[in-house]
Amino acid sequence: MKLLITLFIALLSVCTAIYYKVESESCSTLSSKDELFDNLIISCANYKSVPVDLNCLSDEQIPLFLKTVPDWTFLPNTTTGNAIFRSFEFEDFRTAFLFMTESAQLADKNEHHPNWSNLWSTVDVTLNTDDQSCLS
């Protein structure tokens with residue numbers, strides 16, 4: 001029995017994980033969230049203003065629109081109106097997070113914020129025109 005306990009303790013010491021915690025923070029870059037966000041990953045992006053129609057799509061227009069976004073799934077009548085959904089798979093967490101970071105800057109510039117979640121290398125995105133509860 002004593003041998004089993006010794007082996008168990010030895011096994012536990014081999015299987016321990018290392019976690020990191022924040023010991024302190026002193027980063028002037030984080031003092032302005034706007035500056036940090038604006039100068040993040042794609043600060044060199046050139047934006048072009050393009051006129052868009054923000055009217056809700058009619059039931060007849062939705063199938064035509066869906067043909068232009070074949071990798072997205074139509075979600076009718078969600079709690080926020082009609083929406084589209086897509087799950088993106090990436091190589092790892094960092095690549096998924098980079099995708100979200102780059103997308104967030106463009107979404108914020110357009111004032112059109114996705115409903116999304118990230119779990120490891122997967123990013124699930126749901127889009128609709130939330131201020132009108134529809135697709136536009």
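Trainee: What do the values rest on?
Mentor: This is a predicted model, in which local features need pLDDT of at least 70 and side-chain atom pairs count only at pLDDT 80 or more, while totals for chains, interfaces and linings use all residues. Residues are numbered from 1 along each chain as its sequence is written, and side-chain values use heavy atoms, with hydrogens and water left out.

Trainee: How many aromatic pairs are there?
Mentor: The count is 5 aromatic pairs, where rings of Phe, Tyr and Trp (its six-membered ring) pair if their centres lie within 6.5 Å; planes under 30 degrees apart count as stacked, over 60 as edge-to-face and the rest as tilted. Phe88 and Phe90 form a stacked pair, 6.4 Å centre to centre with 20 degrees between the planes.

Trainee: And which pair do Phe90 and Phe99 form, stacked or tilted?
Mentor: Phe90 and Phe99 are tilted, at 5.0 Å centre to centre and 35 degrees between the planes. Trp72, Phe88, Phe90 and Phe99 form one aromatic cluster.

Trainee: Turning to the largest pocket, which residues lie nearest its centre?
Mentor: Leu106, Ala107, Asn110, His112 and Leu127 lie nearest the centre, among 32 lining residues. Lining residues have an atom within 4 Å of a point of the pocket, an open set on a 1 Å grid over the protein atoms alone where a 1.4 Å probe fits, with protein on both sides within 12 Å along at least five of seven lines.

Trainee: Which element gives the most to that lining?
Mentor: α4 does, with 5 residues.

Technical notes
Helices (H or I, at least four residues) and strands (E, at least two) are DSSP runs, numbered from the N terminus.
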